[in-house]
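Let's walk through a protein structure together, one piece at a time. Keep the picture open beside you and look up each part as we reach it.

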Amino acid sequence: MTSETERIVESAVRATDECRSLAAGRDDWKYMGYVGSALITAAGNRYTGINVELVCGIGFCAEHTAVADMLKHGESRIRIIAAATADGNILPPCGRCRELIYQTDPANLETQVVVPGGGLRTLRDLLPLNWQDYIAEEPEGDESGSGG
Ligand SMILES: [Zn+2]
C-alpha cells in the first residue's frame, strides 16, 4: 500500500472508534458503526462516515454517510475512497454504494477505490455495463395520442 492508501484506510478505521465505544454497551448494536469510510475529494478535503445498522434491518453503508458529509460541505467529486471494518479489513463498496458514488457525480467513474489487499481500482472498473448508457433515448411509439 502507498502511504496515502494507508492513511485513508486508517481514517476509515478511526471513524468507527467513537461509535464502537458506544456500541460496546449495547447488545442491540452488534454492527452499528462497525464499518468506516473515508474519502478525499478532488479539492483535497477529507470526509468520513460509518455504517448504521439497527436490529430490524434499518440502516445504510459507511460510504453513504461519508458521501453525505462531503455533500454537506458542497463537494461531489471524489478522488479516492476507502472502507474498512473496525478491525482493519478493507472492504470494496457494495453495488448500491458503487451506484451512489457514480450518480452523485458521473466524474466519479474515475474515483480511485481502495480494494482488499490495498490496491486501487477505478470505480469504472467496479461498475461495468453502465445501465444509464442503455436508456438515454426517449421511448418510441408514444406519439399516437393514445391514453388521451
Ligand atoms: Zn454499500
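Predicted model: local features only at pLDDT ≥ 70, side-chain atom pairs only at ≥ 80, totals over all residues.

Residues are numbered from 1 along each chain as its sequence is written.

Now step back to the whole protein. The protein has five helices and seven strands, and from the N terminus on they run α-α-β-β-β-β-α-β-α-β-β-α. Of its 148 residues, 29% are buried. A residue counts as buried if 20 or more other C-beta atoms lie within 10 Å of its own, exposed if 12 or fewer, and partly exposed in between, with C-beta atoms placed from the backbone.

Let's return to Ala 82. Leaving aside neighbours within four places in sequence, Ala 82 is in contact with Ile 8, Val 9, Ala 12, Ser 37, Ala 38, Ile 90 and Val 114. Contact means that the C-beta atoms of two residues, placed from the backbone, lie within 7 Å.

Next, look at E1. Is this strand mostly covered or mostly uncovered? E1 is mostly covered, since seven of its seven residues are buried. In a regular strand the side chains alternate between the two faces of the sheet. One side of E1 holds Val 35, Ser 37, Leu 39 and Thr 41, the other holds Gly 36, Ala 38 and Ile 40, and all of these are buried.

E1 also has partners. It pairs with E5 in the antiparallel sense over seven bridges, and Thr 41 has Ile 78 in E5 as its bridge partner. E1 and E2 pair in the antiparallel sense too, over five bridges, with Ala 38 opposite Thr 48 in E2. Strands are said to pair if DSSP finds at least two bridges between them. The hairpin of E1 and E2 has four residues between the strands, and there Gly 44 takes a positive phi near 95 degrees.

Within E2 you will find Gly 49. Why does Gly 49 count as buried? Because 26 other C-beta atoms lie within 10 Å. Gly 49 and His 64 are 15 residues apart in sequence, yet 7.2 Å apart in space, C-alpha to C-alpha.

His 64 brings us to H3, where Glu 63, His 64 and Val 67 meet Cys 97, Leu 100, Ile 101 and Thr 104 in H4. In H3, the residues Ala 62, Glu 63, Thr 65, Ala 66, Val 67 and Met 70 are buried, and what covers the buried residues of H3 includes E1, E2, E5 and H4. After H3 comes Gly 74, whose phi is positive, near 80 degrees.

Conventions. Helix = DSSP H or I, 4+ residues; strand = E, 2+ residues; numbered from the N terminus.
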